[in-house]
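Hello,

Here is the structure you asked about. My notes follow below it.

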Amino acid sequence: MSVEPSPATPPTCCVCDVPMRRKIAEWSYRCPECGLWGSTLPIGINSEAHAGLDEDLRETGLADLRRHNNAVVVDRLVSQGLAPGASLLDVGSAHGWFLAAAEERGLRAQGVEPDEAVAARAASSAVRVGFFPDVLDADERFSAITYNDVLEHFPDAGAAVAASADHLEPGGLLSVNIPNSKGLFYRLAVVCHALGLRSAYERLWQLGLPSPHLWYFDRDTLVRLGRRHGFDVVSVDALDSVRRAGLWQRAHSDRKVSPVSALGVVAVWLAAPLFNASRTSDIIHVVFRRRAD
């Protein structure tokens, strides 16, 4: 699937349903009502866009961060009553790392992954290849549905959250962790772009990658989106956005190595504790509970 950017057609805010206004770059926008950021970047899942990615580097670069954050997310879900034997669906399950973390806690975990190249590398056989919610039967229900750095890639994030409510049992849990537009990384990238240094802003939006970011939420906008579609908020927390192990590989999985990128890796490595502090973390984690019918 490939979608060309359309700067002349602003996206509609999935929280407020109002047209967004262009901000920073020709392809990035912001809602004048709630402050949600959006983009018109092209999607290239299952296309030649994969040729620019080194999946081995990407997997190595993310492994330590994902392993740490997955354990934290599962712990938080279990603390909210998700018991062994409960069913869980991980949307955008990628390499299957979260499924493994959930299964270690006794959960019956399944995944959905639209990217055929990534799904082929998944260790778990419980991954369905396709798009959520299209690959599900209409009557399938789960005790929990999770989005781990995934919801921001959906062209219609509101429809994804609404579909999650449809496929959750009453009282079921929805877990969303997502990049934070009020995090330190994003704020620094906006400043750098204003100074003519565009690469950090473009990298955060994953410009040129097969599945770029189409939304950048903050805590308030993500909470409003969940409440709009039938959820109550259970908890609002942060997750680590940087782990020093694998940082070089993560930064260069697009095979674009330069003196500037190398310097950036060193700076992030040194400042990792600051980037992961709860007030400045670039990853929000919100757990919602589906309201009873």
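**Confidence first**

Where pLDDT is low, the predicted coordinates should not be read in detail. For the protein chain, mean pLDDT is 84, and 78% of residues reach 70 or more.

**Helices H4 and H7**

Start with H4, residues 157-166. Of its 10 residues, 7 are buried, so the rest of the structure largely encloses this helix. The buried ones are Ala-157, Gly-158, Ala-160, Val-161, Ala-163, Ser-164 and Ala-165. What do they pack against? Their partners are strands E7 (142-148), E8 (168-179), E9 (215-216), E10 (231-239) and E11 (283-290), plus helix H7 (219-228). Asp-156 caps the N-terminal end of H4. One of its side-chain oxygens lies 3.3 Å from the backbone nitrogen of Gly-158.

H7 has its own buried set: Thr-221, Leu-222, Val-223, Leu-225 and Gly-226. These pack against H4, E8, E10 and E11. The N-terminal cap of H7 is Asp-218, with a side-chain oxygen 3.1 Å from the backbone nitrogen of Asp-220. Just after H7, Gly-230 has a positive phi of about 95°.

**Salt bridges**

How many salt bridges does a search of the whole structure find? The count is 7.

- Arg-228 pairs with Asp-17, with the closest N and O atoms 2.3 Å apart. Arg-228 sits in H7 and Asp-17 in the segment before E1, so this pair ties together parts 211 residues apart in sequence. Arg-228 is partly exposed at 38% relative accessible area. Asp-17 is partly exposed too, at 48%.
- Lys-182 meets Asp-218, the cap of H7, in a salt bridge of 3.5 Å, N to O. Lys-182 is in the loop between E8 and helix H5 (184-194), and Asp-218 is in the loop between E9 and H7, so the pair links parts 36 residues apart in sequence. Lys-182 is partly exposed, at 46%. Asp-218 is buried, at 5% relative accessibility.
- Arg-198 and Glu-202 form a salt bridge through their side chains at 4.0 Å, N to O. Glu-202 is partly exposed, at 22%.

**A buried aspartate**

Asp-115 lies in the loop between strand E5 (108-113) and helix H3 (116-119). Is Asp-115 buried or exposed? Its relative accessibility is 7%, so Asp-115 counts as buried. A polar atom of the Asp-115 side chain is 3.1 Å from the backbone nitrogen of Ala-117.

**Cysteines**

The disulfide count is 0. The cut-off is 2.5 Å. Cys-13 is buried, with a relative accessible area of 0%. Cys-192 is partly exposed, at 25%.

**A four-stranded sheet**

An open sheet of 4 strands runs E1-E2-E3-E9, with antiparallel pairing. E1 (21-22) and E9 are the edge strands, each with a single partner, so one side of each has no neighbour in the sheet. Inside it, E2 (residues 28-30) and E3 (residues 37-39) are joined by 3 bridges and run antiparallel. Tyr-29 stands opposite Gly-38 in E3.

Best wishes

Terms used. Residues numbered from 1 in each chain as written. Predicted model: local features only at pLDDT ≥ 70, side-chain atom pairs only at ≥ 80, totals over all residues. Heavy atoms only, no water. Buried < 20%, exposed > 50% of the residue type's maximum accessible area, 1.4 Å probe, protein only. Helix = DSSP H or I, 4+ residues; strand = E, 2+ residues; numbered from the N terminus. Contact = heavy atoms within 4.5 Å. Polar contact = N/O pair within 3.5 Å; in protein donor to acceptor, adjacent residues only side chain to side chain. Pairing = 2+ DSSP bridges. pLDDT = per-residue confidence, 0-100.
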